[in-house]
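This report is meant for a reader who meets the structure for the first time. Please look over the sequence and the model before reading on.

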Amino acid sequence: MADASSRVSTGCPELDHLLGGGLLPGTLNVVLGATGIGKSQLGIQFANAGTEQEGERGIFFDMTARGDSQNHADYAQRIADWDLREMPLERLADPSDLWDRDKSRFDTAHPFFNMGRRVTRDDLDPDEYREWQADLTRKLDVTIRFFYGNFVHGVRRCVVDGIEPTDRPSESFQFEIFEYIHNQILRKDSEWVARDLLRVHYRENAEAVHEHAYSNKSLTGLILCTTKEVMLEDLLSRPLDSGDILSNANTIILMGKIREGMKMGRALHVAKHRGSPCDESIIPYTIGEKGITLL
């Protein structure tokens, strides 16, 4: 069992305390809650905490399928005085750019912004689905470049935001793409991620790949999933879908509305924290100028 000194801070000291010191390094962690409940603010706090622990802030991969983003830039500026640098959606033309921090170290990427609200196969007709499949290959190259290009420069934490609710997660493009990110990037040896990205250019860059190697066991992910359920009590009774990312997550944090007399408030609950003791209380919280504070 990991001690508190080896934990990854969420950026919220009170939540770290609930988690026995923080998240476990090298794990997948999920935050569930409705739109506007504070998930993205918590994501900013988590990413910003990387400055103190790893010497590098974390990164944001925005999977929102509609045109607008998750307001990461506004939250980052307000909470952490942080101007997010967004990666251009271009495939890697010159492999040497990977080793140049100015050309490789970006804070955020939003490659799937032009799908509207279509997130399942049923949302597309056959021609649109074929077009999506062809476009997906190009966007996965951009995705690998974003993650690998940051990890080789010391980033060790990532936030995946914008996963929208569907009746059956197994039919969601977003879950399918996330499974790729998790299995083929986050959990894969850095050399093999480089091979997938560089392909025919791998051999000429092999020395640089070796010099910039990192351990995938040091990468910690926070996944922010929007739910249809607004009330915390409904989230508490929600079953975990077989095969979806919730069943594979090390930690699950639920965020929802609660009724306080004649008013509504917000509270969170740590529903799962594998390999570690945790406080199972329901804890109210507020959202202020500097993010989330547990009460």
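This is a predicted model: local features need pLDDT of at least 70, side-chain atom pairs count only at pLDDT 80 or more; totals for chains, interfaces and linings use all residues.

What follows describes a helix packing and then a group of aromatic rings.

Helix α2, which covers residues 39-48, packs against helix α4, residues 72-80, at an angle of about 60°, and their axes are 10 Å apart. The two helices are therefore oblique to each other, and the crossing of α2 and α4 is right-handed. On the side of α2 the contact is made by Ser 40, Gln 41, Ile 44, Gln 45 and Asn 48, while α4 contributes His 72, Tyr 75, Ala 76, Arg 78, Ile 79 and Ala 80. Sorted by class, the residues in this contact of α2 with α4 are 5 nonpolar, 5 polar and 1 charged.

Helix α2 is largely enclosed by the rest of the structure, because 9 of its 10 residues are buried. The buried residues of α2 are Lys 39, Ser 40, Gln 41, Leu 42, Gly 43, Ile 44, Gln 45, Phe 46 and Ala 47.

The second topic is the aromatic rings, of which the structure holds 8 pairs. In one of these pairs, the rings of Phe 61 and Phe 146 have their centres 6.2 Å apart and their planes at 35°, so the pair is tilted. This pair links distant parts of the chain, since Phe 61 belongs to strand β2 (residues 59-62) and Phe 146 to helix α6 (residues 126-151), and the two residues are 85 residues apart.

Another pair is formed by Phe 151 and Tyr 214, whose ring centres are 5.5 Å apart and whose planes stand at 65°, so the pair is edge-to-face. Phe 151 lies in helix α6, whereas Tyr 214 lies in the loop between α9 (202-211) and β5 (220-226), so the pair ties together parts that are 63 residues apart in sequence.

| Residue | Relative accessible area | State |
|---|---|---|
| Phe 61 | 1% | buried |
| Phe 146 | 0% | buried |
| Phe 151 | 1% | buried |
| Tyr 214 | 7% | buried |

Residues count as buried when their relative accessible area is under 20%, and Tyr 214, with 7%, is therefore buried.

Methods. Residues are numbered from 1 along each chain as its sequence is written. Side-chain values use heavy atoms; hydrogens and water are left out. Axes are lines fitted to C-alpha atoms, for helices over the stretch in contact, and angles run from 0 to 180 degrees between N-to-C directions. Helices (H or I, at least four residues) and strands (E, at least two) are DSSP runs, numbered from the N terminus. Angles under 35 degrees count as roughly parallel, over 145 as roughly antiparallel, 65 to 115 as roughly perpendicular and the rest as oblique. A crossing is left-handed if the near helix is turned anticlockwise from the far one by less than a right angle, and right-handed if clockwise. Contact means heavy atoms within 4.5 Å. Ala, Val, Leu, Ile, Met, Phe, Trp, Tyr, Cys and Pro count as nonpolar, Asp, Glu, Lys and Arg as charged, and the others, Gly among them, as polar. Rings of Phe, Tyr and Trp (its six-membered ring) pair if their centres lie within 6.5 Å; planes under 30 degrees apart count as stacked, over 60 as edge-to-face and the rest as tilted. Buried means under 20% relative accessible area, exposed over 50%, partly exposed in between (1.4 Å probe, protein chains only).
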